[in-house]
Amino acid sequence: MRLAALLLPLLVLAACSSDPLPVDELAKKPLFEMQPRDVHRYLAHVQANEPDLRQRIVRIGRQNIGQPYVLNLLGEYPFELHDTLPLFSLKESDCVVFAEHTYAMALSGSWEEFFWMLQRIRYKDGVIGVASRNHYTEVDWNVNNSWLVSDVTEQLAGDQVRWYKVTVDRARFLRSRHNTVRSMPVQTERVAFIGKEQLAPLLPHLHDGDMVNVVSARNGALYVSHVGLIAVDAQGRRNFLNSAEPKVREESFDDFFKRTAEREERNAREGRNGQTLAGFKLLRLNDNIVVPPALPQPRPR
């Protein structure tokens with residue numbers, strides 16, 4: 001019985017992978033409809049046929065347009081038991097998951113490399129665990145992935161740059177949200193951003209694969225509430241490639257502003273204390289990416 005239980009997943013996977021699509025046809029299939037074996041073949045094909053990293057990022061992101069949006073999608077299960085959310089999902093995404101998967105796939109030529117790269121991006125030093133996950137965009141994700149993207153907000157904004165303070169109590173967050181006890185100091189940082197009215201003149205300085213952090217306000221506090229990628233269309237317009245309710249879409253920033261304003265008006269009518277758009281942080285995809293090694297996975301206690 002034990003041997004049969006171990007073999008069953010392999011038999012199912014083999015059955016699902018029979019008669020695979022020709023790779024040219026597979027490359028036209030939505031990524032969120034693929035199985036891991038399909039992704040393995042697709043990544044090798046894209047690496048061989050699109051040498052430019054920025055173009056690969058946009059190609060892979062666009063191939064996920066239409067992917068359903070689900071908030072708070074991933075966790076550490078079965079590596080950790082604080083929740084039952086998995087380490088990856090091909091079928092659905094939220095904004096961070098979409099960006100992480102897109103970058104990881106564009107940097108990889110196989111499923112195994114993608115899965116390793118995904119954890120290298122999701123976690124500080126690539127060490128899997130809820131306490132080492134890059135929960136906070138400003139002080140975790142952007143900083144720990146500085147090998148991949150660089151914050152150019154202050155550089156592009158010049159004397160128009162604005163600042164807000166963010167205070168992060170990771171110990172309280174882990175205890176209240178993930179039933180995990182860790183001793184971690186409270187961190188306070190000063191964060192650069194641009195006002196929402198400043199984005200338009202800076203968009204021409206952004207390129208395929210760059211990242212945009214959306215800064216929102218609620219109850220007087222500012223924070224990054226959403227992320228997405230830059231995709232340049234055939235007319236040279238900088239579009240926003242992002243995962244937001246109800247699915248992944250590529251939209252103009254004018255459409256993004258319109259959609260955000262409609263949500264804010266709806267919240268006001270219904271008496272909800274919703275967030276309001278305050279501005280953006282801008283991150284440049286690094287020209288010469290050297291992926292740092294992951295630290296050794298510590299033995300669980």
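**Close-up 1. Arg 259 and Glu 251 joined by a salt bridge.** In this predicted model, the closest N and O atoms of Arg 259 and Glu 251 lie 2.6 Å apart. The term salt bridge is used here for a side-chain nitrogen of Lys or Arg within 4 Å of a carboxyl oxygen of Asp or Glu. Glu 251 is buried, at 6% relative accessibility, whereas Arg 259 is partly exposed at 24%. Buried stands for under 20% relative accessible area, exposed for over 50%, and partly exposed for values in between (1.4 Å probe, protein chains only).

**Close-up 2. A salt bridge between Glu 197 and Arg 162.** Here the N to O distance is 2.2 Å. The pair links distant parts of the chain, 35 residues apart: Arg 162 belongs to strand β2 (residues 162-168), and Glu 197 to the loop between β3 (187-195) and α10 (199-202). Helices (H or I, at least four residues) and strands (E, at least two) are DSSP runs, numbered from the N terminus. Arg 162 is partly exposed, with 34% relative accessibility.

**Close-up 3. Arg 272 paired with Glu 270 in a salt bridge.** The closest N and O atoms of this pair are 3.0 Å apart. Arg 272 is exposed at 53% relative accessibility, while Glu 270 is partly exposed at 44%.

**Close-up 4. A salt-bridge network of Glu 76, Glu 100, Arg 122 and Arg 133.** These four residues are linked by salt bridges. The structure holds 13 salt bridges.

**Notes for all views.** Residues are numbered from 1 along each chain as its sequence is written, and side-chain values use heavy atoms, leaving out hydrogens and water. Local features need pLDDT of at least 70 and side-chain atom pairs count only at pLDDT 80 or more, while totals for chains, interfaces and linings use all residues.
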